[in-house]
Amino acid sequence: MQMLSDDDTNLAELSDEELDLAWDLWFDLAQSTNDADPLYTHGVFAGITQVEISEKEGTSQAPGLSRHSSRAS
Amino acid sequence: MAGNIYFELTRAFNAAGPIAVLASGQAVVYYRVAIMSKDGDWVIRETAEACAQVLTVLAERGAVYRAGAPLDPRWLAGGWSSHFEFFDDKRRRVRCDFFSRPPRVDPASLSRLYEGEAGSLLVIDLESLIRMKHTQRAKDYAVIGELAARLPPEQEIQFTTDPDRLLTLASSYHGVIARAAIQAAIAGDRDGVVVALAREQDALQRIDRARVRAYAAAAEPYLADVGTMSSADRRLPGVHARLVERAERLLPVVVRAQENVDADVE
């Protein structure tokens with residue numbers, strides 16, 4: 001049973017340089033979702049869905065916490 | 001040259017000796033399974049020197065603390081995580097997360113992680129990575145199937161999430177049968193394998209959710225306090241001592257959380 005798509009799993013055929021280039025391009029594109037990203041994807045704060053400090057330079061706002069841990073660690 | 005900033009950071013953290021092991025999503029990239037994470041996660045050696053080295057590297061890049069525990073051996077030992085971010089020379093957001101006690105990874109495996117040379121790209125081993133991926137997030141279980149396929153058969157059968165692989169591997173398996181899905185596979189019961197895998201995943205997800213909730217509750221007063229800090233106030237290196245002072249008042253080192261996953265699901 002194939003669990004990931006061919007696009008996901010064909011990385012094995014890439015050289016180190018090709019993998020670096022592929023990742024770099026993907027990272028460029030992935031910046032477009034920065035504002036929509038979960039606050040935390042790893043670590044023990046992943047259960048916090050509403051914090052927090054604004055990530056924008058020079059601004060801040062009071063935190064609000066939720067224990068609804070729909071996001072991953 | 002274009003490259004993976006998280007691989008580069010790993011080498012920088014380890015420049016003076018092995019202290020940081022690349023884990024989670026970027027380890028999945030390293031093993032060429034998938035590109036599916038834009039953050040970096042490291043298991044860090046639980047020493048003041050290791051923390052200082054990481055803070056120095058991050059300060060050189062203009063990093064700020066995100067809301068999280070201070071990078072200090074006391075909170076690392078309590079299972080807490082520390083979080084930072086900065087923008088690279090192409091103005092791309094780079095997020096860096098650190099912990100020293102990855103959940104579900106046994107201490108013996110942890111002690112072996114730091115066997116490497118100065119400046120090396122240390123990456124977590126496959127079995128530990130799989131155990132770390134036993135999270136509440138559904139997509140991790142597809143990745144586990146792909147990671148397990150890179151293990152020897154006697155290990156793969158203990159971790160794979162692929163029912164077909166389990167049925168194939170079970171035909172020549174003669175080891176310990178602690179996993180319900182293996183028992184069903186040996187009996188040739190495909191439906192039983194599928195049900196056992198689903199129950200196993202659900203149990204793992206529930207346990208991880210409970211663990212994270214316990215930390216979220218314990219962190220509430222501390223996060224409310226650090227949430228008042230501006231981005232400028234959170235910039236390294238000056239902020240670190242201030243966060244430690246706040247954590248000493250408001251963030252408990254020890255959190256009671258269920259950790260023995262294997263006992264519950266096998």
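**Note on chains A and B of the predicted model**

1. The buried residues of α2(A) include A:L19, A:W23 and A:F27. They lie on the same side of α2(A), because they cover an arc of only 70° around the axis; the arc is that of the directions from the helix axis to the C-beta atoms. An α-helix has 3.6 residues a turn, so residues three or four places apart point the same way.

2. This is a predicted model, in which local features need pLDDT of at least 70 and side-chain atom pairs count only at pLDDT 80 or more, while totals for chains, interfaces and linings use all residues. Residues are numbered from 1 along each chain as its sequence is written, and chains are lettered from A and ligands numbered from 1 in the order in which they are written.

3. Helix α2 of chain A covers residues 16-30, and its 15 residues should span 21 Å at 1.5 Å a residue; the end C-alpha atoms are 21 Å apart, which agrees. The expected span is 1.5 Å times one less than the number of residues. Part of what covers the buried residues of α2(A) comes from chain B, namely its α2 (24-30).

4. Chain A has two helices and zero strands. Helices (H or I, at least four residues) and strands (E, at least two) are DSSP runs numbered from the N terminus. Of the 73 residues of chain A, 25% are buried. Among its contacts with a separation of 6 or more, 27% are between residues 24 or more positions apart; a contact means that two C-beta atoms, placed from the backbone, lie within 7 Å.

5. Chain B has 13 helices and five strands. Its radius of gyration is 20 Å, close to the 18 Å that the globule rule gives for 266 residues, so chain B is as compact as a globular protein of that length. That radius is taken over C-alpha atoms, and the rule is 2.2 Å times the number of residues to the power 0.38. Along the principal axes, the C-alpha atoms of chain B fill a box of roughly 60 × 45 × 30 Å. In chain B 47% of the 266 residues are buried, and 59% of the contacts with a separation of 6 or more join residues 24 or more positions apart.

6. The five strands of an open sheet in chain B come in the order β1-β2-β5-β4-β3, with mixed pairing. The edges are β1 (20-23) and β3 (64-65), each with a single partner strand, so one side of each has no neighbour in the sheet. Two strands pair if DSSP finds at least two bridges between them. β2(B) and β5(B) run parallel and are joined by five bridges, with B:W42 opposite B:F98 in β5(B).

7. β4(B) pairs with β5(B) in the antiparallel sense over six bridges; B:E85 has B:R95 in β5(B) as its bridge partner. The two strands form a hairpin with five residues between them, and B:R91 in the turn has a positive phi of about 60°. β3(B) is antiparallel to β4 (residues 82-87), over two bridges: B:Y65 stands opposite B:F84, and B:V64 opposite B:E85. Five of the seven residues of β5(B) are buried, so this strand is largely enclosed by the rest of the structure.

8. The loop between α6 (126-132) and α7 (139-148) of chain B holds B:Q136. B:Q136 is buried, with 23 other C-beta atoms within 10 Å. B:D202 is 66 residues from B:Q136 in sequence and 8.3 Å from it in space, C-alpha to C-alpha.

Terms used: Buried ≥ 20, exposed ≤ 12 C-beta atoms within 10 Å, placed from the backbone.
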